[in-house]
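Work through the following exercises with the model open beside you. Each task is followed by a solution in steps.

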Amino acid sequence: MARRPTATTHPPRRARRRRPPQSGRGAAKRRRAARPRIAAELRGILRFQRRSGAAIRNVGLSNASEPSFVFKA
Amino acid sequence: MDELLFATLSELGAGLRRKRFSSVELATLALDRLESLGRRYNAVASTLRRSALREAREADRLLRGRRAGPLTGIPYGAKDLLAARGSITTWGAPPYARQVLDYDASVVERLRGAGAVLVAKLAMVELAGGGGYRYPSASLQGPGRNPWNPLHWSGGSSSGTGIAVAAGLVPFGIGSETSGSILAPAAYCGITGLRPTYGLVSRYGAMALSWTMDKLGPMCRSAEDCGLVLEAIAGPDPRDPTSAGRAFRFSRRRARRPSTLRVGYAAEDFERGVDASARAAMRDALAAFRSLGIRLRRAVLPPLPIDAVARIIIRAEGSAAFQDLIASPRLAQLVDRRQALGLRAGREIPAVDYLNAMRVRRMLQDELARIFSEVDVILAPARSAPAPRIDEPLDPEWRPARPGGRRRAGAARTSAGPIGNAALIPAGNLAGLPALCLPCGFSTTGLPLGIQLVGRPFEEATLIDLGRAYQEVTDWHRRRPPAPATDASRTRS
């Protein structure tokens, strides 16, 4: 009976996903098609960043709170 | 002979001095295993056979002349963000796949001075995870496969170093940590990893991700091994402006008995704070520490947005460090699209947010100093769960914004308070504190688990002493992953 394939019975997959070519026939169409998805993902990251900034502002820093510029371990 | 690479540094040193084997034999063994097993686990960026054998012959000469130190003749691997003359330094990322930095990083130079033999540059998550990655596959070398179960991840970003030590490809390696990159792979792979105090180990010749948070440290089989390697790599370096100008001396004589140590912890970290599959092992680990006679008392991190502070600082500094890449079309070559977008997004962080993060960082440092006036060490699980599967996204709750702009339900919230000391890794990194990760058992699914000890700045010796005491009453650090299937069995159907 054939053995169930596992990571140790088969060589690992190639390191990188095979990507469609960045140039050539159809590449511009693929890039255009991916744009809204990528833009949405970027907006999501930016929103997450802004929420992180807001969480920090909510700490209640006073005028006397100084940054740790001169790093002292 | 393969057994040798699972030995501790003291055992290897003794064997070399007694001529039971030579440094050339050890290096050859390591190189052979790196080139076979290492590739299978995606642990290796490049092997350095020619220069390694030259260094090993020189080490054998020193050993004959009885001028050997504790690391003389011992092979090791370095995370591929460290420059080493004559090698390619990929930073784990396709845009740098052919990068040659023709000089030695301070750490490489120091280890060469100590007689250690650099046999390989080890795989890593691309750009040490700068920008934030979504999948374990975010590496030029492919996803780091866990030697205990190759369907699971090794952890990152020092993935190759974690794998190489766990699988017995090298006796020790050098990793780097900005926020968790030594501790996470050490915990997931079942090895001992030390994150030194910020500034103790020179970063000259290491890729910069976050100038105020990057650290280099040893990943080994035991706490004692970490002490031996730290002694070799720590010390002042005028080429690194953040160097603290201090050295570290390892001593087998304990500075303090464990029973004199006050250890802080949060009980909930060992109960509802960990995955159900890890709970029993974590309870046992806590019991083993109690058996050493330590005085446990409650200590909990302050209620500050620690994750958000670390994220803003690392993102902003990372996007500045990689501004040339971000401006170039090579950015699209990164394996993980999330990273490319994260690096771009980091440029949009307002200066005010970065400065506020640094102000909260100061508050956190002050709070931690207060906690460390009451305890000597903080103890917590290194990770709350065992290694995830290699094909799982690392942020299952995260959702991109809808094209319409409204937040989707289930998106991660930054304001949610963490349990106990769940944020100890980013907190310790923000405050520049040393930490030691020790293997402490296995999940019910058979994957390794780790526990972390965090100490005061420059008190690595306390952590190493306590780690050694723990490893004298446990044998988790002696466990080995199952031998992988041989080539013959792989082709059998």
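Helices (H or I, at least four residues) and strands (E, at least two) are DSSP runs, numbered from the N terminus. The model is predicted: local features need pLDDT of at least 70, side-chain atom pairs count only at pLDDT 80 or more, and totals for chains, interfaces and linings use all residues. Residues are numbered from 1 along each chain as its sequence is written, and chains are lettered from A and ligands numbered from 1 in the order in which they are written.

**Exercise 1.** Describe chain A and its helix.

Solution. Start with the count: chain A has one helix and zero strands. Next, take burial: a residue is buried if 20 or more other C-beta atoms lie within 10 Å of its own, exposed if 12 or fewer, and partly exposed in between, with C-beta atoms placed from the backbone. Of the 73 residues in chain A, 15% are buried.

Then check the length of H1(A), residues 27–57. Its 31 residues reach 44 Å from first C-alpha to last, close to the 45 Å expected at 1.5 Å a residue; the expected span is 1.5 Å times one less than the number of residues. H1(A) has a kink of about 40° at A:Arg35, shortly before the proline A:Pro36. The bend at a residue is the angle between axes fitted to the seven residues ending there and the seven starting there.

Finally, find the cover. Buried residues of H1(A) include A:Leu42, A:Ile45 and A:Phe48. They are covered by parts of chain B that include helices H9 (306–321), H11 (337–346) and H12 (351–374).

**Exercise 2.** Which residues of H3(B) are buried, and how are they placed around the axis?

Solution. H3(B) spans residues 49–64. Its buried residues are B:Ala52, B:Glu55, B:Ala56, B:Ala59, B:Asp60 and B:Leu63. They lie on the same side of H3(B), because they cover an arc of only 150° around the axis; the arc is that of the directions from the helix axis to the C-beta atoms. An α-helix has 3.6 residues a turn, so residues three or four places apart point the same way.

The face turned away carries the exposed residues B:Arg50, B:Arg61 and B:Arg64. The buried residues pack against H1 (9–17), H2 (23–40), E2 (75–79), H4 (106–113) and E3 of chain B, where contact requires C-beta atoms, placed from the backbone, within 7 Å. Just after H3(B), B:Arg66 takes a positive phi of about 55°.

Definitions and conventions:
Contact = placed C-beta atoms within 7 Å.
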